Amino acid sequence: MTKEKTYEPKPYSNPYLVGLSLGLVLLAAFLIMGRGLGASGAVSTAVAVGVSKVAPEHASQNNFYKEYLGDEAANPFKDWLVFQILGVIVGGFISGMLTHRVKVTVEKGPNISVRNRLILAFVGGGFIGFGAKMARGCMSGQALTGGAFLNLGSWAAMMAIFAAAYGVAYFVRRQWL
Amino acid sequence: MMPYFKFDYFSVDFSLVIAFVIGIAFGFVLERGGFGNARILAAQFYFSNMRVLKVMFTAIITAAIGLFYFTWMGWLDLSLVYTTDTFLIPQIIGGAFLGIGFIVGGYCPGTSFVSASTGRIDGMVYILGIFFGIFVFGETLPLFESFFNSTPMGRVTLNEFFGLSHGLTLFLVVLMALGAFAAAEWGEKIMAKKNGRGAE
Amino acid sequence: MKERLMKLSTPWKLAILAGLLGFIALLIGNPSNRNVIDVNAKEMALATVKNHDRIDAMTLADWLIKENADYTLVDLRSEKEFGEYNIPTSVSIPIESILNSDLMRNQKILLYGNDDVASAQAWFILKSSNYKAVYILKGGLNAWKNEILFPKLDASATAEQTTAFEKVKQVSLHFGGTPQIISGGTATTVAAQTTVAPTMPKLTAPAGKVGGGAKKKKEGC
């Protein structure tokens, strides 16, 4: 497959202005809710609920699932992070529509097949899922939220993210370049 | 006093509405920044497009400055803002996993939802991967739970750890970010020359 | 060229602003130190003198029976002690973790320890951290034991006292207590009067939640 260019979507916005807006959104979350942004927490809740549906006994013995199931009184999906991620999906879609960037496609470099790209996407997602829980938060929860809070562990995790990504980038360059 | 939720200004149910609205803003901004596109995110790690660094550090210093001044004005009780406790070693190892996942998969969790909602199939597959990764973590956690809970340091910030004042730490972070921006702009120019095309 | 300069100027303005705010922050130092607290000394002293913030054991028993639930009853003792006995509906928040609890600032909070000391300290900490409505169970758990669980009536009591005691007895029995009548130094009715209290009522089911409630844990991500 070669690079396809049907029409020119609008260029992405100035990164500093985007960063400023993102910072203000994050600050709003801090000021209104007293907590930051997150993404992987919603998936964790979904996984925990899924496991407890299939094997309730098993889930109730696992400290990790228990954390996301909470007490039986409340529906685990009535959670801040779950609603927030629903918002992310809607918000991303709105912005994509406004700028003609919604397009069913696979993002990849020219030197990799779609199949391999999807395999790598799955593997990468697996690493992220595992890492996000190990680091107690993903890029949104640790690097961004914790970073703004000047949280020690978040900064350590952030440095590790960049170090590892730069370290591994060379080996997967065929995927992107 | 802020944060409003911690002072019972509204109910848990209403907080979910706020979560949804803040999520929309979050997703909107991420998409504007080009973070729904794996190639733009990955370009960060080949020095050809430093958007990730620019957006992230601008956001971090914006929010950090905001937190500082709202606290200084007495409008915000910083001790009520939730932040994760530090478990240094597991977080560094976890961070390494995140970094690997980032460059291999091309997204981080937040951006993958944006990419999926804007039609990227790789983003959707990536989300399945996150489900799988978290499932594996949940299933294997009992094997390394003691490691997961090792080096606990509680709720600790950079300034507390290094014994600096909050303001000095913020100043250093801002300086570091501005330095990183300058380096990023400079690096992009070099790479653009080398590749014979524009960075953006 | 001119256009490019115009384009560059916004990030540059932002950078200069950020640098400036960062520098001012450096001069400010610490915006607030959460280990050092601001106290309105006069208001505090007045509240202490006026005893507005004390609830006695009988009032609490009354609230509990009427299931008046507009307050949160907080047990400040250790979780071990809490496990042995606690006043029904109470929540265990050991005093050292009082500021890390899920208590809300606008919530009505009623504190108790073994006596008044821990609750008075916690009262001060909470008040100075902007908690609006903090109350103390007068006499703590000891008062609860003496007045509610194991009320005593002297055998030589007047008729009036005896009728009053009848009421107390009902309350006491409600909470699984053991009312006693003392005649000339030895207690009759149920148990012999000893310095050790008669058997404490057994905890019926989990009377309260340990650790401020098994709420869903908040996660950053």
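How many residues of chain C are in contact with chain B, and how many of chain B with chain C? The model is predicted, so local features need pLDDT of at least 70 and side-chain atom pairs count only at pLDDT 80 or more, while totals for chains, interfaces and linings use all residues. Residues are numbered from 1 along each chain as its sequence is written, chains are lettered from A and ligands numbered from 1 in the order in which they are written, and side-chain values use heavy atoms, with hydrogens and water left out.

Taking contact as heavy atoms within 4.5 Å, 22 residues of chain C touch 26 residues of chain B. The two chains bury about 2200 Å² between them, 67% of it on carbon and sulfur atoms, where buried area is the accessible area (1.4 Å probe) lost by two parts on being put together, summed over both. On the side of chain C that touches chain B, the residues divide into 10 nonpolar, 8 polar and 4 charged; here Ala, Val, Leu, Ile, Met, Phe, Trp, Tyr, Cys and Pro count as nonpolar, Asp, Glu, Lys and Arg as charged, and the others, Gly among them, as polar.

The largest cavity is lined by 15 residues, and A:Met139, B:Leu30, B:Phe35, B:Met56 and B:Cys108 lie nearest its centre. A cavity is a set of points on a 1 Å grid over the protein atoms alone where a 1.4 Å probe fits but cannot get out, and lining residues have an atom within 4 Å of a point.

| Class in the lining of the largest cavity | Residues |
|---|---|
| nonpolar | 12 residues |
| polar | 3 residues |
| charged | no residues |

Definitions and conventions: 1 Å grid on protein atoms, 1.4 Å probe; cavity = no way out; pocket = protein on both sides within 12 Å on 5 of 7 lines; lining within 4 Å.
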